[in-house]
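Dear colleague,

Please find the structure below, handed over for your records.

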Amino acid sequence: MDNLNSVSPRKISLFVFDFDGTLVDTLADISNSVNLTLRELGLSTLEVDAIKDCVGRGVVRLMTGALKGTGYTALDHAVELFRKHYSEHLVEQTDFYPNCRETLEYFSDKTHAIFSNKPEDFIKRILDELDFKQPFKSILGGDSLENKKPHPQGLTELMKRFNLSPEEVLMVGDTAIDIEAGKRAGVHTCGVAYGLGDPAALKNSGPDYMIHDFSELKKLFC
């Protein structure tokens with residue numbers, strides 16, 4: 001893994017970003033919505049850290065984790081309730097991580113895309129609410145394609161869409177899932193240590209780069 005002081009900036013044409021935990025801190029609103037769902041189902045609520053461990057693989061996996069050990073089996077109903085609550089509390093405490101907006105503007109001459117396991121509609125609504133949808137030329141959510149991360153289908157699709165080779169593409173994310181997707185697509189990978197993912201698992205996934213602040217991308221890429 002390269003660090004900020006040992007490499008010359010690498011030329012990248014397409015920056016592909018995970019969403020939750022990479023660009024935007026959504027944990028408080030997700031946790032609130034999960035617990036509203038659990039209360040409505042007559043179940044005990046969870047601590048934020050327990051919910052955090054379930055984030056990153058899509059809504060179904062989120063609620064599967066939240067319901068673990070409760071004995072409740074109507075997963076589809078729980079997912080439906082979560083979507084309702086989250087839709088109503090989408091951006092109460094959600095915002096971009098520090099330096100995200102400024103860094104994306106710094107790279108305004110590059111192509112930016114989002115590749116997330118979060119439902120596409122939620123991503124677009126959050127970006128609209130935060131008034132920062134314009135930098136992203138393509139948005140792929142967990143329901144946009146047949147396969148979710150860590151499957152590389154989204155990255156393959158984006159490379160076709162923009163007619164780019166893997167060498168020209170960077171995948172940025174906060175979880176080992178993001179890094180695995182990037183490696184399977186053959187693109188460069190960068191882990192963000194400040195996000196929602198397990199830092200140890202992220203490091204062990206072997207990203208090409210690791211950053212602790214979004215602005216550090218400016219030192220690594222051009």
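Helix α1 passes α3 in a right-handed crossing. On the α1 side, the residues that make this contact are Ile-30, Val-34, Thr-37 and Leu-38, and on the α3 side they are Leu-62, Met-63, Ala-66 and Leu-67. Sorted by class, the contact of α1 with α3 has seven nonpolar residues, one polar residue and no charged residues. Please note that the model is a predicted one.

As for the geometry, α1 spans residues 27–40 and α3 spans residues 59–67; their axes come within 11 Å and cross at roughly 55°. The two helices are therefore oblique to each other.

Helix α3 also packs against helix α4, which comprises residues 75–88, and here the axes come within 9 Å and cross at roughly 110°. The helices α3 and α4 are therefore roughly perpendicular to each other. This crossing, too, is right-handed. From α3, the contact is made by Val-59, Val-60, Leu-62, Met-63, Thr-64 and Leu-67; from α4, it is made by Leu-75, Ala-78, Val-79, Phe-82 and Arg-83. By class, the contact of α3 with α4 has nine nonpolar residues, one polar residue and one charged residue.

**Cysteines**

How many disulfides does the structure hold? It holds zero. For Cys-100, the closest cysteine sulfur belongs to Cys-190 and lies 12 Å away, which is too far for a bond; a disulfide would require the two sulfur atoms to be within 2.5 Å. Cys-100 is buried, with a relative accessible area of 0%. Cys-54 is likewise buried, and its relative accessible area is 16%.

Helix α8 covers residues 176–185, and its buried residues are Ile-177, Asp-178, Ile-179, Ala-181, Gly-182 and Ala-185. Which elements cover these buried residues of α8? Among the strands are β4 (111–115), β6 (169–173) and β7 (188–192), and among the helices are α7 (153–162) and α9 (199–204). Just after α8, Gly-186 takes a positive phi of about 80°.

With kind regards

Conventions:
Residues are numbered from 1 along each chain as its sequence is written. This is a predicted model: local features need pLDDT of at least 70, side-chain atom pairs count only at pLDDT 80 or more; totals for chains, interfaces and linings use all residues. Side-chain values use heavy atoms; hydrogens and water are left out. Axes are lines fitted to C-alpha atoms, for helices over the stretch in contact, and angles run from 0 to 180 degrees between N-to-C directions. Helices (H or I, at least four residues) and strands (E, at least two) are DSSP runs, numbered from the N terminus. Angles under 35 degrees count as roughly parallel, over 145 as roughly antiparallel, 65 to 115 as roughly perpendicular and the rest as oblique. A crossing is left-handed if the near helix is turned anticlockwise from the far one by less than a right angle, and right-handed if clockwise. Contact means heavy atoms within 4.5 Å. Ala, Val, Leu, Ile, Met, Phe, Trp, Tyr, Cys and Pro count as nonpolar, Asp, Glu, Lys and Arg as charged, and the others, Gly among them, as polar. Buried means under 20% relative accessible area, exposed over 50%, partly exposed in between (1.4 Å probe, protein chains only).
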